[in-house]
Amino acid sequence: MAGQEQTRPHRRDGEPDDLPDAPDPGAATAQVGDTEVDDVLAEIDGVLETNSEEFVRSFVQKGGQ
Amino acid sequence: MTVRRVMGIETEYGIAMPGNPVANPMVMSGQVVTAYAQSQGIRPSRVLWDYTDEAPLRDARGFEMPRDAADASQLTDEDPTMANVVLTNGARYYVDHAHPEYSSPEVTSPLAAVRYDRAGDAIAAASVALTAQWPPALAMYKNNTDGKGATYGSHENYLLRRSTPFSRVVTGLTPFLVVRQVMCGAGRVGIGAASAQPGFQIAQRSDFFETEVGLETTLKRPIINTRDEPHAVADRYRRLHVIIGDANHADVANLLKLGTTSLVLHLIEAGAMPDTLGVRNPVGTLHEISHDPTLRTRLEMTDGRRMTALELLREIQQTCVEFVQTRYGGDVDSDTAQVLHWWERVLDSLETDPMSAHRYLDWVAKLRVLEQYRDRDALQWDSPRLGAIDLQWSDVRPDKGIFARLRAAGRVTELVRADEVEQAVSEPPSDTRAWFRGECIRRYRDQVVAASWDSLIFDVGGTAPLRRLPMLEPTRGTRDGVGQILDASPDALTLLERLAAPEGDTGIQ
């Protein structure tokens, strides 16, 4: 759904930017494919609390500032 | 210096015992803070907070509110026995009513603010890990609402010159804060303070703001908070206390939150922020913009123009860029260059396709994941699964927090390395009084009796009276200014003598 990553006409060499090993958003690897989506969701599935309804219902906070 | 000024972030964390909605949050908060303090060899009862200069009821508009007219939640010295410690990185970690709160040390750049904010998250995660030894488990959340009507804040602090008229701050900052959320919102499932309406909105906090200007922080929340408690030389400085922001996980969003605000404040202080950018109904507009993740809603300006939030933000950005270019040309400091770079990059992304900013902005990253779940599992916005993702997004545990997992997988842009965060957990920033504070805690641990933002109280031993050292100048007490004195002082008494000596030029006051 996110579609094509934006190309970045404003990028200049030597700019303070992403840490060196982070992928360039304009690079080919940044395009969202089905496998990547499945991977992301699968990983999140693995850490989610098992009973969503109870988790949400029981998450109650006192107001702060 | 444009984005650079003394600044800091204070974050109230959500806290819960999964499976036990009635667990006492004050007790839980005390447990996590105490567990962490003890693990650092700081006895929570030993280094007390010095409340002498706290004045939360003082209003920037020029009057103090009598204590008996104040709501109990406006008074900050109600529970002096609750855990409240100063850490070796100069931060304050304590219980603020029903939440653990981490108040970062004073820094001078947006990037350092991000680094020390992430240090707070690491401290929160360490606290949770410590208490996990004794089930049932606790969890902490870096978010701003339970979706049931309660909200808690991540506040920014900016040091301003006292000479800047407060009315100018209100006029210049209000429209900016109304639209800043399109970059800095953390995203939220549910519309309305109690999430009565299904859907997704850009900001966690916007629904809870009801007024334009005011002193309150726990009800009738104002876009501009007028609290006047500088913790510094009062006739020189004002501390602007911004309460409207969401807690950010994404480094770019966090950098832009501190950096663009500091830049706008710079223009306001210079008298260069146009007063033609007024928004007709700031509170209503704040809500409307938050409720429209397509960013297409057009707001009404006081001069009759209609524009989108992005167009107004772009206009503010252009004003800032032109000001910097005119005044500094190519000679702009690297912190400002960094903020301008990311401001441009993010606005370009949002203007092209908001979802393309998913590596930079919290709300976009969250919406992207939620939409992927909706597609895959055919979920409606009122599905508890989406609400659960929203909450667990901000779990501070690196193995359970959804944002933390995304970051570990390289799916969001980082501006601060893990080793830099680790260093910031234990070492104070070198260029503010936080350095002196943190180093004294580290070097003279048993001799520091109490600490606050603008003071330290020492027990020099024997039958001598306690010695209170005021530190009202946030830019003094740096490593450059007093490092040698500390290195030459094996104990607090020697330190105080050297600071008081004529040639010591106390780099503190």
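H3(B) lies across S10 and S15 of chain B and runs at about 25° to S15(B). Angles run from 0 to 180 degrees between N-to-C directions, with axes fitted to C-alpha atoms. This is a predicted model: local features need pLDDT of at least 70, side-chain atom pairs pLDDT 80 or more, while totals for chains, interfaces and linings use all residues. Residues are numbered from 1 along each chain, chains are lettered from A, and side-chain values use heavy atoms without hydrogens or water.

I then checked the strands. Strand S10 (residues 154-161) of chain B pairs with S15(B) in the antiparallel sense over six bridges; pairing takes at least two DSSP bridges. B:Tyr237 in S15(B) is the bridge partner of B:Arg161. The open sheet has six strands in the order S6-S7-S8-S1-S10-S15 (chain B). Its edge strands are S6 and S15 (237-242) of chain B. The twist averages 20° from one strand to the next.

Next I took H12 (residues 433-443) of chain B. Nine of its eleven residues are buried, that is, under 20% relative accessible area with a 1.4 Å probe, protein chains only. Among them are B:Trp435, B:Phe436 and B:Cys440. The cover includes strand S6 (84-86) and helix H13 (479-487) of chain B.

Last, I looked up H2 (residues 110-131) and H4 (residues 251-269) of chain B. Their axes come within 8 Å and cross at roughly 130°. The crossing is right-handed, with the near helix turned clockwise from the far one by less than a right angle. Contact (heavy atoms within 4.5 Å) involves residues including B:Leu111 of H2(B) and B:Leu258 of H4(B).

Definitions and conventions. Helices (H or I, at least four residues) and strands (E, at least two) are DSSP runs, numbered from the N terminus. Buried means under 20% relative accessible area, exposed over 50%, partly exposed in between (1.4 Å probe, protein chains only).
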